[in-house]
Amino acid sequence: LAMLSDENRRPFQHGSGRKELADAIVSPDNPLTARVMVNRIWLHHFGRGLVSTPGDFGLRAEPPTYPRLLDWLARSFMNNGWSVKHLHRLIMNSATYRQSSHGDTRKFAIDPENRLLWRYNRRRLDYEAIHDSLLAVSGKLDATQGGPAVAMFRGAEIEKNASGKSNRPFNPNRRAMYAVIRRDELPAVMKTFDFASPDETTSRRHITTVPTQGLYLLNNEFVMNLSAALVSSVASGETGKGEIDSVGCVQQLFQRCFQRAPTERELAACLSFVSDDSPETPPPTKAKVWTFGHASYDIKTGKHDLSVVRPFPHQSEKAMQGDVDYPDKKNGYSWTRLTAGGGHAAGSIRCVVRRWTSPTDGVVSLSGTLGHKAKEGDGVRATIYGPKGQLAQWKVHNSTLSTVLEGLEVSRGDVIDFVVDQIENGSYDGFQWAPTVTKSIASAGEPSAAGAASNRLSQLWSSKQAFMKLKSLSDGTRTKFGPWERLAQTLLISNEFVYVE
C-alpha cells in the first residue's frame with residue numbers, strides 16, 4: 001500500500017500477505033497507527049483529542065493542537081512496547097491531566113474551547129463507567145474476568161432457545177463490557193446515556209444532558225437497590241466493629257463515594273437529612289406493615305440497638321442474606337439470614353429483626369411458635385420490643401415453645417420488633433419463628449363488650465405471608481428505602497460522582 005510504503009514499494013510475498021500488512025501497520029516507520037491510538041486514549045481522558053476528529057487524520061481534518069506532543073506520545077507509545085498501561089500512566093501523572101477544572105476569566109477569553117488545555121475539561125462518565133462505579137462503590141461488583149456475555153436487563157435482549165429458556169445467564173452485577181448487545185434491541189437505558197449505536201462505526205460518543213438521565217438515576221430499581229446495599233455495607237461495619245454512629249456513617253459514605261471526608265457544612269446537612277425529625281423522613285403511617293432486616297447487637301451486654309434496622313444486601317422471595325452465595329463470604333454476614341418461617345441468628349454484632357409497624361389504633365395480640373432443632377450449640381434467644389421497651393424474652397434449645405402476648409395497646413405508627421440473636425455459642429443457630437399480630441374487631445351492630453369476644457371478627461398480620469409476597473427483582477428486593485438510603489442515592493447520582501473534574 002502506498003500510504004504504508006516509501007518510494008521503493010514492493011508487493012507482499014508471503015502467503016496472503018496479511019502478516020506483512022499487519023507488520024507494516026505497526027511499523028516504526030508508520031507513525032499514523034500510534035498517533036490514532038494515542039489520540040483516542042487522550043480523548044477518553046480529556047473529552048477531546050489532540051486531533052478533534054479521531055476518525056479522520058486526513059487533509060480535511062483539523063490539524064492537531066499540539067503536533068509535537070502527539071508525535072512524542074506516539075513515539076513513547078511504540079518505544080514502550082505499545083503498552084496502553086504505560087500510556088495511561090504517562091498521561092495521568094502529567095501536570096496537564098492533574099489540573100483543576102475551575103475556570104479563569106482571562107484565559108477563557110483567549111481560549112473558550114480550552115483547545116490549549118489551560119484547565120481540565122469537566123466530563124461526565126459514560127454509561128459503562130457509571131454502571132461499574134455504582135456496583136464497585138456499593139460492594140456488588142462481580143469482578144469475574146472473561147467468559148461469555150451476560151444479560152444485564154430483564155427484557156427482549158435476553159436470547160431464548162426453543163424451550164423458552166434464556167441462552168444467556170442473567171447477571172446485572174458484572175462489568176458493563178460483558179453485557180449482551182443486540183443491534184436491533186439496544187436497551188433503553190444505554191440509549192439514554194448516549195451509548196454508541198452498534199449499527200455504525202462511531203469514533204466518539206456525543207454526550208447529551210437530558211431529563212431522562214436524571215429520572216433513571218432517581219427511580220430505577222437497580223440504582224435504588226445499590227444505594228441500599230451501600231448503606232448496608234457501610235453500616236454493617238465490614239471491619240467487624242458492628243454498627244457505627246451517624247457521623248461515622250456519613251464520613252464512610254463520603255469516603256466510599258468521593259474518596260474524601262465531608263466538609264463541616266456537608267456533614268451537618270447530611271445529619272439533618274437523616275435525623276428522625278427531618279421532614280424527609282416518611283411518616284410511620286406510610287411505612288410497610290412488615291419489614292425485615294438486621295440491627296446492631298452487643299453480645300457482651302445483650303443489648304440491641306434498634307434505632308436503625310438495615311435491609312440485607314441480597315434479598316429474594318426465599319431468603320434475605322449477605323450475598324447470592326450462602327453462607328456469605330464477601331460482606332461479612334456469614335450464616336446470618338431470614339426466611340419466611342425463621343432464619344439463622346446473627347453473630348456477635350448483629351441481630352435479625354422482623355418489624356411490625358401498626359397501621360391502626362387498638363389492642364392487639366402477638367403469637368408464634370419459637371423453635372430450635374439442633375442438639376448442638378446453646379440455642380437462640382428471642383425478644384419482643386414495643387414502644388416502651390422490652391415486652392418479653394425467651395430462650396430455646398433443641399425444642400419449641402409458644403410465644404404469646406395478649407392485650408397490647410398500640411397506636412397508629414407504633415413499632416413492635418421481633419428480634420432473634422445467638423446466646424453465647426455462635427454455631428447451630430438456625431431457628432423457626434414466624435410471629436403474627438392479631439386485632440379483634442367488633443361485628444357490625446355488636447356492642448363493644450368483652451362478653452361478645454367469641455363472636456368478634458379479627459384482623460391478622462402474618463410475617464410469613466408478608467415475607468412470601470416479596471417480589472424478586474433484578475438485584476434483590478428493597479424492604480426499606482429510608483433517609484439513609486436516599487442520602488446514599490443522592491451521593492451516587494451527584495455531579496461529583498458521575499463527572500470527572
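Student: Which residues form one aromatic cluster?

Tutor: This is a predicted model. In the model, W290, F292, F418, W433 and F467 form one aromatic cluster.

Student: How many aromatic pairs does the count come to?

Tutor: The count comes to 15 aromatic pairs. Take W290 and F418: their ring centres are 5.7 Å apart and their planes stand at 40 degrees, so the pair is tilted. W290 belongs to strand 2 (residues 290-298) and F418 to strand 15 (residues 415-422), so 128 residues separate two distant parts of the chain that this pair links.

Student: Is F418 buried or exposed?

Tutor: Residues under 20% relative accessible area count as buried. F418 has 2%, so F418 is buried. W290, at 7%, counts as buried too.

Student: What kind of aromatic pair do F418 and W433 form?

Tutor: Planes over 60 degrees apart count as edge-to-face. F418 and W433 have 75 degrees between their planes and 5.7 Å from centre to centre, and the pair is edge-to-face. F418 is in strand 15, while W433 is in the loop between strand 16 (430-432) and strand 17 (436-441), so the pair ties together parts 15 residues apart in sequence. Both residues are buried.

Student: Where does the charged end of R174 sit?

Tutor: It sits over the ring of Y178, 3.9 Å from the ring centre. Likewise, the charged end of R350 sits over the ring of Y333, 4.0 Å from its centre.

Student: Which residues form a nonpolar patch on the surface?

Tutor: L1, M3 and L32 do, with about 310 Å² of accessible area together. L1 lies in the segment before helix 1 (18-25). Over 50% relative accessible area counts as exposed, and L1, at 55%, is exposed.

How values were computed
Residues numbered from 1 in each chain as written. Predicted model: local features only at pLDDT ≥ 70, side-chain atom pairs only at ≥ 80, totals over all residues. Heavy atoms only, no water. Patch = residues over 30% accessible without salt bridge, like charges linked within 9 Å, V, L, I, M, F, W, Y side chains within 5 Å. Areas by Shrake-Rupley, 256 points an atom, 1.4 Å probe, with all protein chains shown as cover. Salt bridge = Lys/Arg side-chain N within 4 Å of Asp/Glu carboxyl O. Helix = DSSP H or I, 4+ residues; strand = E, 2+ residues; numbered from the N terminus. Buried < 20%, exposed > 50% of the residue type's maximum accessible area, 1.4 Å probe, protein only. Phe/Tyr/Trp six-rings, centres within 6.5 Å; stacked < 30°, edge-to-face > 60°. Lys NZ or Arg CZ within 6 Å of the ring centre and 35° of its normal.
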